[in-house]
Amino acid sequence: MLRHVVMFRWRDDATDERIDAFLGGLRELLAADPYVRAHTFGVNSGKDPDNYDFALVADFDSYDDYLAYEATPAHDAFVARYASHVVGQRTAVQHPFREPT
């Protein structure tokens, strides 16, 4: 299995309305995507201003499934419609993992 961990910093001009739209759009994208096995995400609690503003963890059966997810028209539409309006910085890592037994 593969775990995808991505963190964002919001753009300086990101409004609360656009961030809320981003979060709603992400919920829809991840719930409908056949390649995403499990996921969790959330906005930083604000306790450390040096932290990123948002983090997503998504699990896939394989690296190929992760690549397929990123190449879906729904993912591209989400980025254009929501992410491009709020994301200022992005960092990510993908790593293999095993589910706990």
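Reader: Is R11 buried, partly exposed or exposed?
Author: This is a predicted model. Buried needs under 20% relative accessible area, and exposed needs over 50%. R11 has 31% relative accessibility, so it counts as partly exposed.

Reader: Which residue meets the side chain of R11 in a salt bridge?
Author: The N to O distance in this pair is 2.7 Å.

Reader: How many salt bridges does the structure hold?
Author: Another joins R90 to E70. The structure holds four.

Reader: How far apart are the closest N and O atoms of R90 and E70?
Author: The cut-off for a salt bridge is within 4 Å. R90 forms one with E70, the closest N and O atoms being 3.9 Å apart.

Reader: Which elements does that pair link?
Author: R90 and E70 are 20 residues apart and link distant parts of the chain. R90 is partly exposed at 46%, and E70 is partly exposed at 28%. The elements are strand β4 for R90 and helix α2 for E70.

Reader: Is D59 buried or exposed?
Author: The side chain of D59 meets that of R3 in a salt bridge, 2.7 Å from N to O. The pair links strand β3, which holds D59, to strand β1, which holds R3, across 56 residues. R3 is partly exposed at 25%. D59 has a relative accessible area of 9%, under the 20% cut-off, so it is buried.

Reader: How many bridges join β1 to β4?
Author: β1 and β4 run antiparallel. R3 stands opposite H95 in β4. β1 also runs antiparallel to β3, with seven bridges. For β1 and β4 the number is nine.

Reader: Which residues form the covered face of β1?
Author: The uncovered face holds R3, V5, M7 and R9. V5 stands opposite V57 in β3. The covered face is L2, H4, V6, F8 and W10.

Reader: Which element gives the most to the lining of the largest pocket?
Author: About 210 Å³ of space lies in this pocket. Of its 16 lining residues, the closest to the centre are F8, H75, F78, V79 and R90. By class, the lining has 12 nonpolar, two polar and two charged residues. The top contributor, with four residues, is α3.

Reader: What is the relative accessible area of V86?
Author: V86 lies in helix α3. Beyond its neighbours within four places in sequence, V86 contacts residues including R9, W10 and F22. V86 is buried, with a relative accessible area of 0%.

How values were computed
Residues are numbered from 1 along each chain as its sequence is written. This is a predicted model: local features need pLDDT of at least 70, side-chain atom pairs count only at pLDDT 80 or more; totals for chains, interfaces and linings use all residues. Side-chain values use heavy atoms; hydrogens and water are left out. On a 1 Å grid over the protein atoms alone, a cavity is a set of points where a 1.4 Å probe fits but cannot get out, and a pocket is an open set with protein on both sides within 12 Å along at least five of seven lines; lining residues have an atom within 4 Å of a point. Grid points are joined across faces, edges and corners, and a volume is the space filled by probe spheres set on the points. Helices (H or I, at least four residues) and strands (E, at least two) are DSSP runs, numbered from the N terminus. Ala, Val, Leu, Ile, Met, Phe, Trp, Tyr, Cys and Pro count as nonpolar, Asp, Glu, Lys and Arg as charged, and the others, Gly among them, as polar. Buried means under 20% relative accessible area, exposed over 50%, partly exposed in between (1.4 Å probe, protein chains only). Two strands pair if DSSP finds at least two bridges between them. Contact means heavy atoms within 4.5 Å.
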